[in-house]
Amino acid sequence: MDAQRRTLVAWRRDAHAMDRAAVDNLRQQVRRTTDQPELCERLQQQLAQHDRHREKVEDCLARLGA
């Protein structure tokens with residue numbers, strides 16, 4: 001079971017890193033698209049979605065003690 005748990009924790013950490021990178025990239029895109037309100041709004045929606053997902057992954061890692 002330890003090997004499975006380590007694999008799960010490693011996968012969750014990778015997912016967390018990807019979400020952090022996506023959030024950072026989306027924040028930069030939002031700053032660059034302020035002159036395009038529709039695009040900016042959609043990017044902000046995506047940003048909120050990725051941010052919620054990142055929080056869920058962090059919660060999962062905390063429950064796993066990682």
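I looked up L26 first: beyond its neighbours within four places in sequence, L26 is in contact with L43, Q46, L47 and H50 (contact means heavy atoms within 4.5 Å). This is a predicted model, where local features need pLDDT of at least 70, side-chain atom pairs count only at pLDDT 80 or more, and totals for chains, interfaces and linings use all residues. Residues are numbered from 1 along each chain as its sequence is written, and side-chain values use heavy atoms, with hydrogens and water left out.

Next I checked the core. L26 belongs to the largest nonpolar core, six residues in all, with V23, V30, C40, L43 and L47. Such a core is a set of buried Ala, Val, Leu, Ile, Met, Phe, Trp, Tyr and Cys residues joined through side-chain atoms within 4.5 Å; buried means under 20% relative accessible area, exposed over 50%, partly exposed in between (1.4 Å probe, protein chains only). α1 and α2 (37–63) are the elements that give two or more residues to this core. Helices here are DSSP runs (H or I, at least four residues), numbered from the N terminus.

Then D24: I found D24 in helix α1 (residues 2–32), partly exposed at a relative accessible area of 41%. D24 and L47 sit 23 residues apart in sequence and 8.8 Å apart in space, C-alpha to C-alpha.

Last, the helix pair. The axes of α1 and α2 come within 9 Å and cross at roughly 155° (lines fitted to C-alpha atoms over the stretch in contact, angles from 0 to 180 degrees between N-to-C directions). I noted α1 as roughly antiparallel to α2, a label for angles over 145 degrees.

Key. Parallel < 35°, antiparallel > 145°, perpendicular 65-115°, else oblique.
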